[in-house]
Structures are given as structure tokens and as C-alpha cells.
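User: I'd like to go through this model label by label, with the cut-offs that back each one. Let's look at it together.

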Amino acid sequence: MKAEARTPINDSAWNGLKTRCFTIIARIRCAEAQPVPPRPFCCHITYEVMTDPVVTKYGYIYERNNIVRHIREHNTDPLVGLPLTVSDLAPNFSLKDAIEYYNMHFMRFSVPLYTRRRAAP
């Protein structure tokens, strides 16, 4: 079998390829500089990293301030829609410790996490 002759890449094509490569590298570096925390560390109401996670009697975890505000306005768990009171909340110390460890060792920058969605009324 004969090897086929290849045509050389012209300057215009090479410059376009080089530009795309540099763009990809820049995006990768940006992603490395802005780590996204694990989703379980984020509140179901605001999608932000929790600092004081609490668990409801239904097993869902929220940031304390967000769920207390929701309970005062709606008296329900936002995910299941069942009745909920502030006394039904319990601190989740294990998750709080994991989030603090993650923040100390992996989060170097403050970054937006996920697109915010408003809780259903």
C-alpha cells in the first residue's frame, strides 16, 4: 500500500486551530480556578453552599435560615409539601463538618454555583 500524500495546513487554518486550542485551555483553567462544590452541600431552596445545615423530619436538608423563612411563610416542607414546624428541624453536624472541611481544602474562590430558582409558593 502506498502512503497518501497529505496537503500542508495553510497559515489561516493553523491560526484558527491555534485560537481554538487557546480558548479551550483558558476555559479549563477557569474551571480549575472555580471549583463547583458537591450538590449535597447546597441548599434545595437557594442552591448555595450551606453553613448551618438542618434536616427535616422528612429527611431533606436545608440551610437553617432559608427553611425557617419558608416555614414561617408556608408551614410546609418545600420539597414534599407536607406540614412542617421549626421544632421539626435538627442540626446536621456531620454535613456541616464535611462542608467546612471542603471549604478549607478545596474552595479557594467565591463562585456562583447553580442557577437560582425561587421556591414554589
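**Strands, helices and a ring pair**

User: Which residue is the bridge partner of V55 in β2?

Analyst: That's I61. We're in a predicted model, where local features need pLDDT of at least 70 and side-chain atom pairs count only at pLDDT 80 or more, while totals for chains, interfaces and linings use all residues. Residues are numbered from 1 along each chain as its sequence is written, and side-chain values use heavy atoms, with hydrogens and water left out.

User: What makes β1 and β2 a strand pair?

Analyst: Two strands pair if DSSP finds at least two bridges between them. β1 and β2 are joined by 3 bridges, so they pass that cut-off, and they run antiparallel. The open sheet has 3 strands in the order β2-β1-β3, with antiparallel pairing.

User: Why are β2 and β3 called edge strands?

Analyst: β2 and β3 (90–91) each pair on one side only.

User: How many helices and strands are there in total?

Analyst: The secondary structure comes to 3 helices and 3 strands. Both kinds are DSSP runs numbered from the N terminus: H or I with at least four residues for helices, E with at least two for strands. From the N terminus on, the order is α-β-β-α-β-α.

User: Why is the F41 and Y102 pair called edge-to-face?

Analyst: A search of the whole structure finds 1 aromatic pair, and F41 with Y102 is the one. Rings of Phe, Tyr and Trp (its six-membered ring) pair if their centres lie within 6.5 Å; planes under 30 degrees apart count as stacked, over 60 as edge-to-face and the rest as tilted. Here the centres are 5.6 Å apart and the planes sit at 75 degrees, so the pair is edge-to-face.

User: What does that pair tie together?

Analyst: F41 lies in the loop between α1 (11–33) and β1, and Y102 in helix α3 (residues 93–105), so the pair ties together parts that are 61 residues apart in sequence.

User: How do you know that the span of α3 agrees with what it should be?

Analyst: The expected span is 1.5 Å times one less than the number of residues. For the 13 residues of α3 that should give 18 Å, and the end C-alpha atoms are 18 Å apart, so the two agree.

User: What puts the buried residues of α3 on the same side?

Analyst: They are L95, I99 and Y102. They cover an arc of only 65 degrees around the axis, which puts them on the same side of α3; the arc is that of the directions from the helix axis to the C-beta atoms. These buried residues pack against β1 and β2, while the face turned away carries the exposed residues F93, S94 and M104.

User: Which residues of α2 are buried, and what covers them?

Analyst: In helix α2 (residues 64–74) they are N66, I67, V68, H70 and I71. Their cover includes β1 (53–55) and β2 (61–63).

User: Why does L89 count as buried?

Analyst: Its relative accessible area is 12%, so L89 falls under the 20% limit. L89 is found in the loop between α2 and β3. Not counting residues up to four places away in sequence, L89 touches V54, V55, T56, I67, V68, I71 and L84.

User: What stands out about the phi of N75 and of Y47?

Analyst: Most residues other than glycine have a negative phi, and most peptide bonds are trans. N75, which follows α2, has a positive phi of about 60 degrees although it is not a glycine. Y47 also has a positive phi, near 65 degrees, and sits in the loop between α1 and β1. With a relative accessible area of 15%, Y47 is buried.

Notes
Buried means under 20% relative accessible area, exposed over 50%, partly exposed in between (1.4 Å probe, protein chains only). Contact means heavy atoms within 4.5 Å.
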